[in-house]
Amino acid sequence: MTRSILLHGLVLAALVALEPVLSEYHHGNLARIMVLAVYAVGYNMLFGYTGLLSLGHAMFFAAGMYGCALLVRLAEWGVGPAFAAGVVCALAAGVVVGFLALRTIGVGFMIVTLMFAEAAHLGILYYNDYTRGDEGFTIPQAIRTVAGLDLSDTTTRYFAALALFAAALIASAAVVQSRTGRVLVAIRENEDRVRMLGFDPFRYKLFALVFSATMAGAAGAAYAVLFGYAGASFAEVQYSILPLLWVLLGGPGTTLGPLLGTVLMFYLIDYASGTIMPGLAALVEAQTGIAAPGLASAWLLMVGLALVLLVLFAPRGLLGVVRARMVPWLP
Amino acid sequence: MVGTMCLAQRPTMTVPIEQLSATGLVKDFGGLRAVDVDAFALHAGEIRAVIGPNGAGKTTFVGLLCGRFPPTAGRIRFEGRDITGMPAHERVGLGIAYTFQITSIFGNLSLYDNVALPAQRRAMLDGGGDVRARAMAALKRVGLADRATEIASAQSYGHQRLLEVAMGLALGPKVLILDEPTQGLADSEIAAFIDLVREVARETTILLIEHNMPVVMALAERITVLDRGRILAEGTPEAIRADAAVQAAYLGG
């Protein structure tokens, strides 16, 4: 227990210590990564600990993002209350979707969550007058302030992202080491047995889903506030696949896996879209004389490849392997 | 607190009381009638064995009693209360515990964590209680206390079977349903297991599905024989042994 607190404290301290030394490019990236890692932490509670694979979490991210950004844009709310409202929207969406989707299991659950998320995405496009659809809208820099702090300032933004990530990490670590967390893991391992030990699996699965949706919503709302943009692309299916990928890479069912996975996958995609894929496109053109401009921007190909390789060769993820081989107490 | 203590340590009953009973209980799987039991009653404090050839419907029958499957027709009562429509986890809360035929432990967790789950559930139902003490007591009763921190899947098959029973005991049940608990155990383990069940039976009603006839004869006060989903005979071990119909259907004469 104390080792675990120390480890989490060290990780957070390292993120604080990195702030003044990072280059402007990596500084901006890490702020973004920490916000996305909140999304991954939430996804991990449902997928990594409880064993439920959702393909529709983008709807919760979008619920937080639009719940927040639309109130700022249309009702001229301050970003602080709007952020809170965004989180509440995602929580409510989690309760409603949970009640319906948790009636199904396995592939059924994947399909139902996917369909809900598609409906949410189409809804955002349909109400184009308010949401501005794919194009999205920005939140002006001048109003992105909370309690006198300018959230568009890079240092403030970094620490705001870090504070949110720290809150998410601590909340998740507290849940998984609690008695509730023990039941969630037991449901992942053997739901029928948990029922015959007197627990109602539905209630625990609903808790995990709502926790996870709330985290996703907090990440979406924070993204809108800190980076000043909301757009329908965040509600697309790839934003439901990405948290799965981050968690799979870092280690499902480990508290720090989501951060590690998000960092690595962010830079892998960055490198793939900036170097590998354009290089590949140039090579194809040089060898065959056929121009392949689509290939240069096909970073989703890398995402798909990474997903297939992970599932085939390392389903426990990086920290899952570390826990199994070296550090059995890793939370 | 005094009230809950009384519930946990029920006085031993001297007059047979119908604790868990079923009437007109039917379970169909498609066109197959797996269970068709007119009347069944388990009395408080007894050790009852359910025997029958493979496919007789034993596991399905007790599955109906503890709520793993809904019945097609019929009523189930527990301590005077109709529990037919009650979900399984609530029946466990009332005191009906089930241990699985196919060992169904949490392989990746420690033995302690395996029994801590039911101990935690009992504490929640009682509105408090020492989870650790209850969990360790359950492990101690089956002789696994000194292995508490070991991982469940690394244990021998016999120890896994005992862990399965310990998980049932940690729930502090009023009725403990054991589904073929000695399957796959060595003879020496079976002798220890018989002692364990006798000890547990002092405060818990036992419903035992068992294939191993010496175990049944050593433990059961009454035996219910199922064949093709129906109760073929019911009575003391001696009466069952002498029953011609049972001999024909099951014991092979």
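As the model is predicted, local features need pLDDT of at least 70 and side-chain atom pairs count only at pLDDT 80 or more, while totals for chains, interfaces and linings use all residues. Residues are numbered from 1 along each chain as its sequence is written, and chains are lettered from A and ligands numbered from 1 in the order in which they are written.

**Chain A as a whole**

- Chain A has 15 helices and 4 strands, where helices (H or I, at least four residues) and strands (E, at least two) are DSSP runs numbered from the N terminus.
- The radius of gyration of chain A, 20 Å, is close to the 20 Å that the globule rule gives for 331 residues, so chain A is as compact as a globular protein of that length; this radius is taken over C-alpha atoms, and the rule is 2.2 Å times the number of residues to the power 0.38.
- Along the principal axes, the C-alpha atoms of chain A fill a box of roughly 60 × 55 × 45 Å.
- Of its 331 residues, 44% count as buried, a residue being buried if 20 or more other C-beta atoms lie within 10 Å of its own, exposed if 12 or fewer, and partly exposed in between, with C-beta atoms placed from the backbone.
- Among the contacts in chain A with a separation of 6 or more, 76% are accounted for by residues 24 or more positions apart; two residues are in contact if their C-beta atoms, placed from the backbone, lie within 7 Å.

**Helix packing around H10 of chain A**

- Helix H2 (residues 24-49) and helix H10 (residues 201-227) of chain A pack at an angle of about 170°, with their axes 8 Å apart; axes are lines fitted to C-alpha atoms, for helices over the stretch in contact, and angles run from 0 to 180 degrees between N-to-C directions.
- That angle makes H2(A) roughly antiparallel to H10(A), given that angles under 35 degrees count as roughly parallel, over 145 as roughly antiparallel, 65 to 115 as roughly perpendicular and the rest as oblique.
- Residues making this contact include A:Val35, A:Tyr39 and A:Leu46 of H2(A), and A:Phe211, A:Met215 and A:Tyr223 of H10(A).
- By class, the contact of H2(A) with H10(A) has 20 nonpolar, 3 polar and no charged residues, where Ala, Val, Leu, Ile, Met, Phe, Trp, Tyr, Cys and Pro count as nonpolar, Asp, Glu, Lys and Arg as charged, and the others, Gly among them, as polar.
- H7(A) and H10(A) pack at an angle of about 175°, with their axes 11 Å apart, which makes H7(A) roughly antiparallel to H10(A).
- The contact of H7(A) with H10(A) involves, among others, A:Arg157 and A:Leu164 of H7(A) and A:Phe211 and A:Met215 of H10(A), and by class it has 10 nonpolar, no polar and 1 charged residues.

**Buried sites in chain A**

- In helix H8 (residues 179-189) of chain A, the buried residues are A:Gly181, A:Val183, A:Leu184, A:Val185, A:Ala186, A:Ile187 and A:Arg188, and their cover includes H2, helix H7 (154-176), helix H9 (191-195) and H10 of chain A together with H4 of chain B.
- Leaving aside neighbours within four places in sequence, A:His121 is in contact with A:Ala232, A:Ala235 and A:Glu236.

**Chain B and its domains**

- Chain B has 10 helices and 10 strands, and its radius of gyration of 18 Å is close to the 18 Å that the globule rule gives for 253 residues, so it is as compact as a globular protein of that length.
- Buried residues make up 43% of the 253 residues in chain B.
- Chain B is divided into domain 1 (17-95 + 175-253) and domain 2 (104-172), with bounds that come from an automatic or database domain assignment.
- In chain B, 11 residues of domain 1 are in contact with 9 residues of domain 2, and H7(B) gives the largest share of the domain 1 side, 3 residues.
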